[in-house]
Amino acid sequence: MGGGFEPPWGRRSIPLLGNQQAGPLKMKMERSRVVAVLGPTATGKSALAIRLAERFGGEIVNCDSTAVYRGFDIGTDKIGVSARKGIPHHLIDVVEPDEEYTAARYAREAAEVVRDILARRRVPILAGGTGFYYRALTRGLFPGPGRDVDLRHRLEQVAVRRGTAFVHRMLRRVDPASARRIQSNDLKRIVRALEVFILTGRPLTEHFADTVSPLPDVDMIAMAVHLPPPVISERVTRRVDEQFARGLLEEIRDLLERGVPETARPFGGLVYRQALELLHGVRDETATRALIAQQNRQYARRQLIWFRKEPNLSWLEGPGESPATIAAAIQLVEQRLRMS
């Protein structure tokens, strides 16, 4: 894995990006490659990404919206340093919990990281399950109108009076595609989608067609891991039990004692939101574990629906850590490299 590592396709065939001197055919041949390991939660993406990094001399670029926050480790199932096997991991623990981290910022920073990895003759390997981040990086985000503070305040007040589910139904009437993508309790994203529609007269999803990728000169070798729903269910339930055993509640108490407000964005995500309710006495631990597992299963279904709509994804059947899946992924990458 050191400086003497020779990728299987040879060093000379991986040019730096931005060569504007070549003709059309040469430019096509010299396009750099990036590997992406995607898919629903609890499918073993991280394990597979690490094995591919070992095989191809790669570095991993996080593509998960929860792993960017410092201190939120157990509930996000963030891969620990010891489990990374010496493989560099990027865009993990990059912001404080009370900071706002957007898909646009992710796309900008991930593109910079990818270009840096390519410049060092290594292989960038995107790994994660946040489809919106992947789309922002590979297809771009439209600039959109700036924030309208008064409009946002009015929409938020509607949510206070009528409930978040009501404004989600408002969104469903004007932008069904965004309503399917955005959870009914995610007020921030609901308000933004409504804001875009009201200010531009067009649904948020229609604007996506006008976007440009921040990595237009890169070929993506993208794969997604798929498991049957019963297997996902069993793996999710086991993971929730492991999170509690590893000290999920203690991690939350420590974050609160350090002054992280309950309004911090990662506290509104899966696992942490339900665990906070447990600490507030909303339900007992048994019911909380069951609820977390149930909502993770629902989240996995939404992720699967999202990734099925992504173009040019190759699907792998089986958990990411299994030898058969690893072998299939290696074969896929090698085939795509030969085609290039």
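Trainee: Buried means under 20% relative accessible area. Which residues of H4 are buried by that cut-off?

Mentor: In this predicted model, they are Gly131, Phe132, Tyr133, Tyr134, Arg135, Ala136 and Leu137. That makes seven of the nine residues in H4, a mostly covered helix.

Trainee: What covers the buried residues of H4?

Mentor: Several elements do. Among the helices are H3, H7 (176-181) and H13 (285-308). Strands S1 (32-38), S4 (123-127) and S5 (218-226) also contribute.

Trainee: And just after H4, what does glycine 140 do?

Mentor: Glycine 140 takes a positive phi, about 85 degrees.

Trainee: Zooming out, how many helices and strands does the chain have?

Mentor: There are 14 helices and six strands. Of the 340 residues, 49% are buried.

Trainee: What share of the contacts comes from residues 24 or more positions apart?

Mentor: They account for 76%, taking contacts with a separation of 6 or more.

Trainee: New topic, aromatics. How many aromatic pairs are there?

Mentor: The count is six aromatic pairs. Take phenylalanine 72 and tyrosine 272: their ring centres are 4.8 Å apart and their planes sit at 70 degrees.

Trainee: Why is that pair called edge-to-face?

Mentor: Because its planes are at 70 degrees, and the cut-off for edge-to-face is over 60.

Trainee: Where do the two residues sit in the chain?

Mentor: Phenylalanine 72 is in the loop between strands S2 (58-62) and S3 (89-90).

Trainee: Which residues do ring pairs link into a cluster?

Mentor: Phe72, Phe267 and Tyr272.

Trainee: Back to Tyr133. How is its ring placed against tyrosine 106?

Mentor: The centres are 4.5 Å apart and the planes are at 20 degrees, so the pair is stacked. Tyrosine 106 belongs to H3 (residues 103-119) and tyrosine 133 to H4 (residues 131-139), 27 residues apart. Both tyrosines are buried.

Trainee: Last one. Which ring does the charged end of arginine 162 sit over?

Mentor: The ring of phenylalanine 166, 4.0 Å from its centre. Arginine 55 lies over the face of phenylalanine 56, at 5.1 Å from the ring centre.

Methods. Residues are numbered from 1 along each chain as its sequence is written. This is a predicted model: local features need pLDDT of at least 70, side-chain atom pairs count only at pLDDT 80 or more; totals for chains, interfaces and linings use all residues. Side-chain values use heavy atoms; hydrogens and water are left out. Helices (H or I, at least four residues) and strands (E, at least two) are DSSP runs, numbered from the N terminus. Buried means under 20% relative accessible area, exposed over 50%, partly exposed in between (1.4 Å probe, protein chains only). Contact means heavy atoms within 4.5 Å. Rings of Phe, Tyr and Trp (its six-membered ring) pair if their centres lie within 6.5 Å; planes under 30 degrees apart count as stacked, over 60 as edge-to-face and the rest as tilted. A charge sits over a ring if NZ of Lys or CZ of Arg is within 6 Å of the ring centre and within 35 degrees of the ring normal.
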